[in-house]
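Please look at the sequence and the structure shown below. The report that follows goes through a few places in the chain, one after another.

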Amino acid sequence: LLAWLLLVAGGLATAPVDAANDITGLRTSAENGRSRLVFDVDGPVSHQVFSLDDPERLVIDIKEVALKADLPSALPRSNLIKRVRSAPRNGNDLRVVLDLERDARAKSFVLRPEADYGHRLVVDVVKRGAAGAAPEGVNDEQPAEQAPAEPQDRVIAIDAGHGGRDPGASAHGTREKDIVLSVARRLNTLLEQTPGLRPVMTRNSDIYLPLRERIRRARKAKADLFVSIHADAFRDPDAEGSSVYALSTDGASSEAARRLAQRENSSDRVGGVSLQDKDEMVASVLLDLSQDATIEFSLKAGEYVLDELGEVNNLHKHSVQQAGFVVLKSPDIPSLLVETAFISNPQEARKLRSANHQYRLAKALRDGIRQYFENRAPRGSRSYAQNETASE
Ligand SMILES: [Zn+2]
């Protein structure tokens, strides 16, 4: 302990012998009582974050990584973080210590390369007392070595849209609420047969569920992914194809997406639930700092699902669309809304009624979901487990 303190105090930065990856930079931002630190890394890393008090500190231990960046100079102007220090430990590991101005908690997650960005480790520091769960801190300089988490089944909440007094879209003798329940049940069966994945259904009968209740059921099941299944309708009977939606917090990706979200959100109006108070609840939930990362994961999951749907059906849109769907507003569960096809299109309505096509749609959803979990990080890897812990 003393040796380590001395190392930190001395600011020694002895180059680790054979670290697997380099931290190449630190980007930071501070806003609304939150400071975000984004470590750029040239490969996947595993990490652990814990807090210490008296004085308040957050400790970020990163496995097998060498520091090739000047951390102190990247520190944001923040009323939360006083100072950043770092030192190698255990040979190849790095310990980063954030000295805090006040009691704060951290939420961390890793992001895989995307667009212009490489591997990233993101640490959000937020004043304690703000909404959301935080990893429990330990009151000890040397936290008990945590056993690597057992890979656990990923839980997928399958949400059959509408139900009960809310039939959803209907045309050509086909009701959305029936079709989507049927597809949801097939997806449930397929996921039950898929190792490593465990499905739960928000409804498995013809009942009405408010949108918020769907989210609540997914949270109760500790879902890692939420998939709401729908079938679209449009006045133009030629409109066709599948689409996949993720949440947007700042406007819809198109006018059509906005209208669709309004239509799907009106489910609560049918059920006699006032959207007004719901929106207030949603607004506060949206302040949660994890929402941005959740949307990023949702978009990723959506791409895999869209690719697979494209194998069994025409696509209405070739990229994941975004709009303000209430049912997708879990701050910490990546969530998708899938419009399987257009019930208003006679050919697609016929296909939607066929058991074979329902099975193919369900299988496409299952395959996309499986790929998302397989590619997010290798199963059973440390970073995977860390990642999951961070998002709870
Ligand atoms: Zn719908």
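## A glycine in a loop

G164 has a relative accessible area of 18%, and because buried means under 20%, G164 counts as buried. The model is a predicted one. G164 sits in the loop that runs between β10 (154–160) and β11 (170–171). Leaving aside residues up to four places away in sequence, G164 touches K177, D206, I207 and Y208. G164 and D178 are separated by 14 residues in sequence, and their C-alpha atoms are 9.7 Å apart in space.

H162 is buried, at 5% relative accessibility. E264 is also buried, at 7% relative accessibility.

## Helix α2

Helix α2 (residues 176–192) has 17 residues. At 1.5 Å a residue, the helix should span 24 Å; its end C-alpha atoms are 24 Å apart, so the two values agree. An α-helix has 3.6 residues a turn, so residues three or four places apart point the same way.

S267 is found in helix α5 (residues 267–270). Not counting residues up to four places away in sequence, S267 touches H162, D166, Y208 and L211.

T202 lies in the loop between β13 (197–201) and α3 (211–220). Where sequence neighbours up to four places away are not counted, T202 touches I158, D159, A160, L209, R214, R217 and F226.

The table lists relative accessibility for residues discussed above.

| Residue | Relative accessibility | Class |
|---|---|---|
| T202 | 4% | buried |
| H162 | 5% | buried |
| E264 | 7% | buried |
| S267 | 3% | buried |

Technical notes:
Residues are numbered from 1 along each chain as its sequence is written. This is a predicted model: local features need pLDDT of at least 70, side-chain atom pairs count only at pLDDT 80 or more; totals for chains, interfaces and linings use all residues. Side-chain values use heavy atoms; hydrogens and water are left out. Helices (H or I, at least four residues) and strands (E, at least two) are DSSP runs, numbered from the N terminus. Buried means under 20% relative accessible area, exposed over 50%, partly exposed in between (1.4 Å probe, protein chains only). Contact means heavy atoms within 4.5 Å. The expected span of a helix is 1.5 Å times one less than its number of residues.
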